[in-house]
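Here's a quick tour to go with the picture. Keep the model open and look things up as you read.

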Amino acid sequence: MTDSIHQDIVDAFKTLLQTITVVNGYETNLGSNVYEWRPTALEENELPGLVFRDKPGKTDIAIGKHQHNLDVEIEIKVSGSTVPATMRKCIADVIKCIGTQNTIGGQCLSGLAEDIIYGDAPEIETDQANKYFGSILMKFTIIFLTDPWNPYTNT
Amino acid sequence: MTLKSDITSDLPTFLNSNEFAVTVTYNSTSIVGIFDDAYKGINLATGEIESTDPQVIVRASDISGLEHGATLIINSVTYYVTGIHTDGTGLVTLMLSRDAL
């Protein structure tokens with residue numbers, strides 16, 4: 001059985017985030033440690049690390065389709081003596097990365113989604129123990145369509 | 001002798017590098033301290049990072065003038081002092097980090 005469009009979108013979103021590397025023109029290698037719904041703690045050697053969580057939101061009826069609002073939280077963990085600057089770089093990289101998908105009037109995530117909307121301002125926290133740590137929480141909403149009562153097609 | 005003076009005179013017994021204490025290098029001088037590096041979960045937002053919370057107990061008289069940001073070498077690792085917690089009895093717990101302030 002094929003995957004649902006929801007699943008395909010999450011896969012495409014993860015692949016997109018994994019492109020955040022210095023080699024690809026970004027400021028960080030955040031894309032090297034991307035996890036979805038990771039239930040366990042990150043180790044220090046996995047930083048910078050990114051955990052994202054997709055949370056299905058409201059579904060509307062639109063032009064004979066179901067329009068889904070998929071809320072996505074992106075949580076980024078960093079460490080090092082330059083944590084504030086590293087956090088700013090990570091925020092910029094994520095915005096730049098997701099921005100590659102937003103074309104006026106076009107679809108995104110390989111044509112699976114209609115739009116990605118940037119949510120509330122990032123939340124930032126820091127702490128210091130064995131290392132200097134920082135955390136960023138960013139929120140986006142992915143809008144996609146399916147046929148009514150059929151999560152697998154959008155004909 | 002009072003209990004207080006007994007405890008003070010016993011400090012070298014507690015801070016003995018043949019027992020639990022280790023050598024701490026501060027300002028190119030070797031002192032001794034009891035070093036711990038126990039697990040600490042860093043809980044920022046909703047996710048956790050596995051880390052540790054290094055700290056060393058030393059005699060206050062050995063670290064005169066020490067301030068936040070000072071460096072100590074313990075077990076060949078350089079640590080930055082991030083906290084100075086005195087106990088008022090002649091001992092100080094120094095909170096440590098591998099990253100500078």
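**A first look at chain A**

Of the 155 residues in chain A, 33% count as buried. Keep in mind that this is a predicted model.

**Fold and shape**

- If you count up the secondary structure of chain A, you get 2 helices and 7 strands.
- Start at the N terminus and the order of elements in chain A reads α-β-β-β-β-α-β-β-β.
- Chain A has a radius of gyration of 17 Å, close to the 15 Å from the globule rule for 155 residues, so it is as compact as a globular protein of that length.
- Take the contacts in chain A between residues at least 6 apart in sequence: 60% of them join residues at least 24 apart.

**Where chain A meets chain B**

- On chain A, 20 residues are in contact with 19 residues of chain B.
- Which elements of chain A give two or more residues to the side that touches chain B? They are β2 (42-43), β4 (65-79), β6 (123-128) and β7 (132-146).
- Sort the residues on that side of chain A by type and you get 7 nonpolar, 5 polar and 8 charged.

**The nonpolar cores**

- In soluble globular proteins, nonpolar side chains tend to be buried together.
- Here, the largest nonpolar core has 38 residues, and Ile9(A), Leu50(A), Ile74(A) and Ile142(A) are the ones with the most contacts inside it.
- In chain A, α1 (5-17), β3 (49-62), β4, α2 (83-99) and β7 each supply at least two residues of this core.
- Which of the elements gives the most to this core? That's β7(A), with 8 residues.
- A second, separate core has 15 residues, among them Val32(B), Val58(B), Val81(B) and Leu96(B).
- Back in chain A, zoom in on Leu50(A) and skip its neighbours within four places in sequence: Leu50(A) is in contact with Leu17(A), Leu30(A), Asn33(A), Val34(A), Ile74(A) and Ile76(A).

Notes:
Residues are numbered from 1 along each chain as its sequence is written. Chains are lettered from A and ligands numbered from 1 in the order in which they are written. This is a predicted model: local features need pLDDT of at least 70, side-chain atom pairs count only at pLDDT 80 or more; totals for chains, interfaces and linings use all residues. Helices (H or I, at least four residues) and strands (E, at least two) are DSSP runs, numbered from the N terminus. The radius of gyration is taken over C-alpha atoms; the globule rule is 2.2 Å times the number of residues to the power 0.38. A residue is buried if 20 or more other C-beta atoms lie within 10 Å of its own, exposed if 12 or fewer, and partly exposed in between; C-beta atoms are placed from the backbone. Two residues are in contact if their C-beta atoms, placed from the backbone, lie within 7 Å. Ala, Val, Leu, Ile, Met, Phe, Trp, Tyr, Cys and Pro count as nonpolar, Asp, Glu, Lys and Arg as charged, and the others, Gly among them, as polar. A nonpolar core is a set of buried Ala, Val, Leu, Ile, Met, Phe, Trp, Tyr and Cys residues joined through C-beta atoms within 7 Å.
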